[in-house]
Each structure stands twice: as C-alpha cells, then as structure tokens.
Amino acid sequence: MKVTCLECQNEFQVEPVSNGDTVECPFCGIELEYKGKNPQGEESFEIIEEEK
Ligand SMILES: [Zn+2]
C-alpha cells in the first residue's frame, strides 16, 4: 500500500497493515500509525509522538 508521509510528504510503499499498526518513513524516520480508511475512503495515518 502507498503511504504519504505526514512529516516530509514523500510517498513510499509498505506491506499492507491493519488498524493500529505502525510504519516508519524511510525518508525522515518518523513513525506513523495506521488509522484505517477515512470518510473519503483513503488510507489515513497519524504521527506517533514519542517522548524522549
Ligand atoms: Zn517522512
């Protein structure tokens, strides 16, 4: 499936994921959590904020 990074806006391909799974952007390294399809039928992701 295709993912558009919410941070750097680059597109990349990942293995199909389920709700709650996370993917890592190969460009900027940020982690995104899959939130399922939005009302427009598009895949939606949310940035995972990590406390460090
Ligand atoms: Zn990115």
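These legends describe close-up views of a predicted model.

View 1. The protein has five strands and zero helices. Along the sequence the pattern reads β-β-β-β-β. Its radius of gyration is 11 Å, close to the 10 Å given by the globule rule for 52 residues, so the protein is as compact as a globular protein of that length. Along the principal axes, the C-alpha atoms fill a box of roughly 30 × 20 × 20 Å. Of the 52 residues, 10% count as buried. Take the contacts between residues at least 6 apart in sequence: 14% of them join residues at least 24 apart.

**View 2. Three strands form an open sheet.** The order is S3-S4-S5, and the pairing is antiparallel. S3 (22-24) and S5 stand at the edges with a single partner strand each, so one side of each has no neighbour in the sheet. From one strand to the next, the twist averages 40°.

**View 3. S3 meets S4.** These strands run antiparallel and are joined by three bridges. Thr-22 has Glu-33 in S4 as its bridge partner.

**View 4. S4 meets S5.** S4 covers residues 31-37 and S5 covers residues 43-47. Four bridges pair them in the antiparallel sense.

**View 5. A hairpin links S4 and S5.** Five residues lie between the two strands. In this hairpin, Gly-41 takes a positive phi near 80°.

How values were computed. Residues are numbered from 1 along each chain as its sequence is written. This is a predicted model: local features need pLDDT of at least 70, side-chain atom pairs count only at pLDDT 80 or more; totals for chains, interfaces and linings use all residues. Two strands pair if DSSP finds at least two bridges between them. The radius of gyration is taken over C-alpha atoms; the globule rule is 2.2 Å times the number of residues to the power 0.38. A residue is buried if 20 or more other C-beta atoms lie within 10 Å of its own, exposed if 12 or fewer, and partly exposed in between; C-beta atoms are placed from the backbone. Two residues are in contact if their C-beta atoms, placed from the backbone, lie within 7 Å. Axes are lines fitted to C-alpha atoms, for helices over the stretch in contact, and angles run from 0 to 180 degrees between N-to-C directions.
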